[in-house]
Amino acid sequence: MEITHLPFLEVVKDITSRFNKIPNKDFVNHGKYAIIDQGANIIAGYTNDETVITDLGYPLIVFGDHTRVLKYVNYPFAIGADGVKVLSVDTEKAYPLYVYYFLKFLKIPNAGYSRHFKFLKEKKIALPKDIDEQKRIAKVLSECEALIQKRKESIELLDELLRSTFLEMFGDSALNSKHWEKVPLKQFGEIITGNTPPRSNPENYSSNYIEWIKTDNIKEDNIYITTASEYLSETGLQYARTVSNGALLVACIAGSIDSIGRAALTNRGVSFNQQINAIQPNRDIEPIFLYWLFKVSRKYIQSHAAKGMKKILTKGEFEKIQMIKPPFELQTQFSIIANKIIPIKSYFQDSLKELENLYGSISQRAFKGELDLSKVDISDMENSNKKNLEEVKEDLTDEQLDELINSFEHTLPSGEVPSNRKTDIRNINIRQYLRLPDNEETEGMEFYHTDKDYFYQFILTKGFPEGTFTLQDVERYARNYILGGTGFEFTYDNWKTIIFRFIGASPPLIEQFFDDTAKSIKLKLTDEAFKV
């Protein structure tokens with residue numbers, strides 16, 4: 001594969017000045033047009049003001065000048081007020097999706113909250129001379145990225161399953177909605193604050209005798225601490241504080257309040273530093289229950305930290321925090337459930353790491369021209385630059401499309417799921433239920449009811465009347481109902497909200513369980529789902 005290296009500004013043009021910037025105070029939660037900013041989320045908010053939309057053709061690439069976040073946008077949008085660069089690719093020289101992945105591959109130095117576009121402009125872009133080769137690379141990386149996202153979603157679903165199980169068994173721990181006994185943390189076990197053996201004696205740190213854990217070994221989504229990068233010697237151990245297997249280590253000193261309360265269990269004996277408070281639990285405390293108690297009570301724990309520049313939860317304040325203490329037998333029941341999920345989550349996390357390593361390896365070799373991708377089919381990419389709205393025009397007249405776009409406001413249901421469900425919907429559709437005449441005047445009027453639970457019941461019962469399904473299956477099926485760019489979008493987060501809403505209904509509309517064969521969470525509609 002022949003590769004040429006062109007200066008960034010020969011391939012990419014900064015067109016930010018042609019876009020209207022929307023201040024944060026003008027964002028709305030739902031609307032016709034997306035607002036893209038430099039934050040981690042793809043969409044920061046919405047606007048209904050079409051006068052602020054600049055239609056310069058799509059796709060475009062958005063770069064966070066402060067954050068270095070890159071986004072590939074293929075629909076009409078406005079930009080946030082600060083730190084956004086909108087980039088247009090010269091399609092005579094490069095395929096936009098390829099350029100997007102190449103820019104993600106580049107190592108842009110972190111200059112803090114300074115501007116970073118100046119570094120990007122200095123780069124050269126490695127371009128296969130054949131545009132089709134660029135498309136093949138983009139397709140492979142896109143599919144690999146999709147696998148990574150699905151694996152992340154699987155891990156998130158496992159956590160959601162355990163979280164919902166915990167809340168079902170124990171209720172809201174901060175509110176104590178199930179009226180359990182509440183006791184200070186010092187009654188859960190021995191509270192120990194870590195320390196740092198004297199650095200003045202290098203021999204304290206000169207061997208791999210015992211791990212010395214720091215807060216960066218307490219990961220957000222890991223139930224157990226990771227391997228330490230620094231160890232103490234047998235001499236250093238004499239000055240250290242330690243815990244054994246089954247202790248909970250909690251981050252209690254941090255620069256940000258968000259890091260306070262982050263917790264992980266030990267599965268071996270370790271020492272640890274003074275930024276960590278540990279609980280070596282008593283015999284009537286199940287360690288996995290304790291871990292999840294902290295995980296679901298994070299905000300409550302953070303509320304006890306000092307409010308200064310440095311966020312600190314002292315040992316004295318920590319051990320006084322009142323927490324629920326359900327019977328040990330119930331803690332054990334939860335632990336049995338969790339122990340079935342933990343190894344699966346660990347397997348998924350290992351798989352995710354392998355996929356991310358694979359993505360990195362493919363990227364590196366592809367951008368050096370070392371991969372033969374000649375057999376990759378790119379016939380489905382010819383029309384990939386088509387705007388989202390065009391995909392629905394085949395089924396709607398221009399007037400109908402304009403009418404629908406102007407009228408939609410996608411609001412999810414709120415409050416309790418209605419329990420007085422009586423009408424069987426197995427043999428009717430939503431239009432029949434709403435008694436909408438079958439004519440052009442009522443076309444699309446069912447979409448006015450997105451704030452009603454029955455709207456989603458009709459989608460689910462028509463798509464999955466029998467058997468099991470996954471959240472990903474729901475998302476794929478529901479794409480038939482998407483009108484891109486209107487703010488009416490069945491996103492993964494929206495469907496997750498609906499699914500867990502229906503699981504938590506009384507009686508539930510959806511049951512969830514773990515499929516041992518497929519090693520994944522499966523969903524199944526209950527009889528209640530077929531009644532509105």
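**View 1. Asn 176 in the loop between helix H4 (131-170) and strand E11 (182-184) of the predicted model**. Helices (H or I, at least four residues) and strands (E, at least two) are DSSP runs, numbered from the N terminus. Asn 176 counts as buried because its relative accessibility is 11%, where buried means under 20% relative accessible area, exposed over 50% and partly exposed in between (1.4 Å probe, protein chains only). When its neighbours within four places in sequence are set aside, Asn 176 is in contact with Lys 182 and Ile 324, a contact being heavy atoms within 4.5 Å. This is a predicted model, in which local features need pLDDT of at least 70 and side-chain atom pairs count only at pLDDT 80 or more, whereas totals for chains, interfaces and linings use all residues. Residues are numbered from 1 along each chain as its sequence is written, and side-chain values use heavy atoms, with hydrogens and water left out.

**View 2. Lys 71 in strand E7 (residues 70-73)**. With a relative accessibility of 2%, Lys 71 counts as buried. A polar atom of the Lys 71 side chain lies 2.5 Å from the backbone oxygen of Asn 41; a polar contact is a pair of N or O atoms within 3.5 Å, and within protein one must be able to donate a hydrogen and the other to accept it, while residues adjacent in sequence count only if both atoms are side-chain atoms. Beyond its neighbours within four places in sequence, Lys 71 is in contact with residues including Ile 36, Asp 37, Gln 38, Gly 39, Asn 41 and Ile 42, and also with Leu 60, Ile 61, Val 62 and Tyr 100.

**View 3. The open sheet of four strands in the order E14-E13-E19-E15**. The pairing in this sheet is mixed, and strand E14 (231-232) and strand E15 (242-243) are the edge strands, each of which pairs on one side only. Two strands pair if DSSP finds at least two bridges between them. Strand E13 (residues 210-213) and strand E19 (residues 270-272) pair in the parallel sense over two bridges, and Ile 213 has Phe 272 in E19 as its bridge partner.

**View 4. Helix H6 (residues 287-296), which is mostly covered**. Eight of the ten residues of H6 are buried, namely Ile 288, Phe 289, Leu 290, Tyr 291, Trp 292, Leu 293, Phe 294 and Lys 295. For the chain as a whole, buried residues make up 50% of the 532 residues.
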